[in-house]
2 protein chains.
Amino acid sequence: MPAMTSANQSSLADAIIQALRSVLGADKTNLHEPSFNGNEWIYLKECLDSTFVSSVGSYVDRFEKELATFTGARHAVAVVNGTAALHLALLLAGVKEGDEVLVPALTFIATANAVAYCKAVPHFVDSNQHTLGVDAGALRAWLQRTCEIRDGHCLNRQSGRIIRALVPMHTFGHPADIEALLTLADDYHLALVEDAAESLGSYKDGRHTGTIGLLGVLSFNGNKTITTGGGGAILTNDSNLARMAKHLSTTAKIPHAWQYSHDAVGYNYRMPNLNAALGCAQLEQLPGLLASKRRLYEKYRSAFAGLAGVQLFHEPPGCHSNYWLQTLVLDADMAAERDAILQATNAAGLMTRPVWTLAHQQLPYRHCPAMPLPVAESLASRIINIPSSAFLGGMDLS
Amino acid sequence: MPAMTSANQSSLADAIIQALRSVLGADKTNLHEPSFNGNEWIYLKECLDSTFVSSVGSYVDRFEKELATFTGARHAVAVVNGTAALHLALLLAGVKEGDEVLVPALTFIATANAVAYCKAVPHFVDSNQHTLGVDAGALRAWLQRTCEIRDGHCLNRQSGRIIRALVPMHTFGHPADIEALLTLADDYHLALVEDAAESLGSYKDGRHTGTIGLLGVLSFNGNKTITTGGGGAILTNDSNLARMAKHLSTTAKIPHAWQYSHDAVGYNYRMPNLNAALGCAQLEQLPGLLASKRRLYEKYRSAFAGLAGVQLFHEPPGCHSNYWLQTLVLDADMAAERDAILQATNAAGLMTRPVWTLAHQQLPYRHCPAMPLPVAESLASRIINIPSSAFLGGMDLS
């Protein structure tokens with residue numbers, strides 16, 4: 001038996017390396033790199049020449065307007081990063097100390113951290129294998145079994161805490177089943193905050209991710225589809241929430257020609273103009289980057305077609321994904337080979353990685369409430385992300 | 001009497017405008033603008049060309065090394081802004097939920113906000129009129145009267161809470177009486193965290209501000225002596241605290257080739273490489289900027305010499321200040337004219353501002369503990385900051 005496992009292992013790893021090489025060539029390849037082929041230099045220089053490099057400046061306003069236009073959100077508020085955006089969005093959604101917030105176990109730890117910053121408790125929920133996002137059906141059954149509506153709130157009977165919000169995350173850019181989650185949120189009096197950090201350019205039934213819930217959150221970290229160095233944004237269709245987002249992200253200072261008065265515990269979360277200048281240049285190239293990433297998916301689809309033991313993840317029905325991170329999912333009987341495949345591909349100079357350690361297994365969140373997580377746990381043992389930079393799809397530099 | 005007040009008022013405002021004009025000329029002049037006369041553009045371009053614009057990159061490492069060299073701190077950890085630096089520094093100093101932290105009432109609200117982020121309570125203390133910083137003598141008398149040492153902690157007998165830390169701020173770049181405050185902190189078992197956000201390039205008895213306490217904090221906001229767009233840093237001589245600062249600012253991720261495991265509730269506080277590139281260029285020019293700001297002080301000193309009713313604030317004894325913001329202090333009997341002077345100078349295109357509304361009067365902090373604050377209250381009614389950009393002193397562009 002050990003001999004047979006070893007044979008499988010080496011053959012599947014070898015076959016994956018071969019498929020990757022057929023798309024990527026012989027070069028050492030990173031997981032994700034940004035592409036700067038537009039007006040980045042011009043805008044950065046213009047920003048420097050204006051001396052407005054900090055938290056006030058025309059690029060911030062322009063970046064926000066163009067983000068709103070691109071996504072179809074009525075408002076976008078630019079902030080220092082996606083984590084800050086999530087923190088503010090949860091505060092604006094009414095999350096208070098001692099509340100619970102439903103977040104997927106299968107997510108980057110920032111989703112849970114943002115809940116902790118609000119002094120609330122993450123309550124981990126399971127994923128759907130066809131979306132990699134929160135499973136609306138399983139979550140509904142869990143809430144039916146463990147919660148009740150009391151005084152217009154969703155009360156967790158097990159913990160005695162109010163569950164205030166639901167934060168689905170659009171994993172690797174693939175939209176979660178957001179309409180079903182919205183219905184569920186309505187039924188259970190939960191604010192819906194979309195963690196769209198990974199899904200700029202991803203749509204469900206023609207609507208951009210992050211614009212469907214009460215608030216949505218984007219990230220422009222260096223590893224994302226477009227980057228501002230560090231950056232994020234809050235999307236919302238609610239003018240009052242947008243105004244509050246900007247107010248809280250700028251130390252809650254009351255506008256005045258010279259007085260420094262503040263009416264709340266605010267944050268220094270405003271995106272600097274320098275970073276927004278980079279963002280404006282990147283946003284101009286977004287359609288081309290998305291087309292390249294889709295071409296890369298098609299190349300991988302051909303390369304991995306017919307390879308036994310592994311599936312290339314494709315966008316869910318009704319979705320148009322940004323294919324931010326290309327994803328292999330091993331068959332269940334191949335899960336044991338994941339680490340050997342990670343070893344072999346990285347040793348071959350092809351950067352791959354597993355999905356995040358599930359949030360309910362991370363040290364600071366081990367004692368938080370969680371529903372049964374069979375799908376998340378299965379996926380976590382079988383996912384491998386492969387090189388995904390847009391330029392690997394062949395860039396359209398027009 | 002009203003006629004006389006009005007005459008005084010108009011004559012003092014006019015005299016101040018005349019003195020400002022004699023230094024600044026006829027142009028519209030802002031309070032503080034950055035100067036970009038070095039390698040800013042070269043480094044930004046190099047950063048872009050490297051594609052490492054985000055939270056990993058050689059400029060971040062270089063900026064930290066050069067900050068440590070410049071200040072004499074053993075370690076510098078670069079973060080997204082001064083507020084984030086303060087938040088982390090307080091956590092590292094052991095500030096816990098329900099603690100109190102001594103902070104000056106005369107400070108930008110971020111100092112108090114950082115305490116609130118730790119779920120602790122700011123306890124406001126008075127200022128010394130010769131330093132504009134925390135008054136060590138008055139604070140000692142206050143602690144003697146209201147606190148006791150119990151189980152190795154400073155217990156506030158009035159609130160029943162532990163006072164965990166003291167955060168003096170070096171106002172407008174002028175060093176507080178830091179040795180006396182360090183002795184006081186030792187006597188009362190308080191961690192000393194220096195808010196040196198405004199005092200890069202300021203020294204007390206030859207030691208750089210922010211390097212004397214357990215931890216110190218710098219800011220590189222757009223209005224500071226040097227800027228990174230948005231940015232800050234933590235200074236410390238303690239290797240373990242420096243390591244923890246970096247760990248907590250990078251989501252507390254345990255280093256691993258591909259695994260995403262985190263051992264604490266961490267933060268996304270790391271300075272992006274793009275911003276650090278700007279910082280490296282700015283830091284090269286710091287000695288010249290400091291010399292220009294000192295020349296501007298000398299020009300103002302001549303211009304305001306002999307003007308009755310107002311004093312130009314000069315560095316305290318034993319201090320070498322960066323003269324970040326040049327400061328007028330009205331005589332006590334002229335305090336009533338402050339707003340008229342602010343009106344007149346700003347209307348004349350000479351940007352001036354009063355000091356911040358005192359922190360204990362800000363809406364979120366009105367119910368926090370405070371010692372009597374006669375000096376802070378007097379200063380708050382009499383301070384006017386005047387245009388302070390380094391280039392106004394005549395730049396040395398060599």
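**Loops, sheet and symmetry**

Mentor: Asp205(A) sits in the loop between strand S8 (203-204) and strand S9 (207-208) of chain A; helices (H or I, at least four residues) and strands (E, at least two) are DSSP runs, numbered from the N terminus. This is a predicted model, where local features need pLDDT of at least 70, side-chain atom pairs count only at pLDDT 80 or more, and totals for chains, interfaces and linings use all residues. Residues are numbered from 1 along each chain as its sequence is written, chains are lettered from A and ligands numbered from 1 in the order in which they are written, and side-chain values use heavy atoms, with hydrogens and water left out.

Trainee: Does Asp205(A) count as buried or exposed?
Mentor: Buried means under 20% relative accessible area, exposed over 50%, partly exposed in between (1.4 Å probe, protein chains only). Asp205(A) has 51% relative accessibility, so the label is exposed.

Trainee: Which strands stand at the edges of the open sheet?
Mentor: The order is S12-S14-S16-S15 (chain A), with antiparallel pairing; two strands pair if DSSP finds at least two bridges between them. Each edge strand has a single partner strand, so one side is left without a neighbour in the sheet: that's S12 (310-312) and S15 (353-354) of chain A.

Trainee: What rotation superposes chain A on chain B?
Mentor: Copies are superposed by least squares on the C-alpha atoms of residues with pLDDT of at least 70 in both. The shift along the axis is 0.0 Å and the RMSD 0.0 Å, with a rotation of 180 degrees. That's the relation of a two-fold axis.
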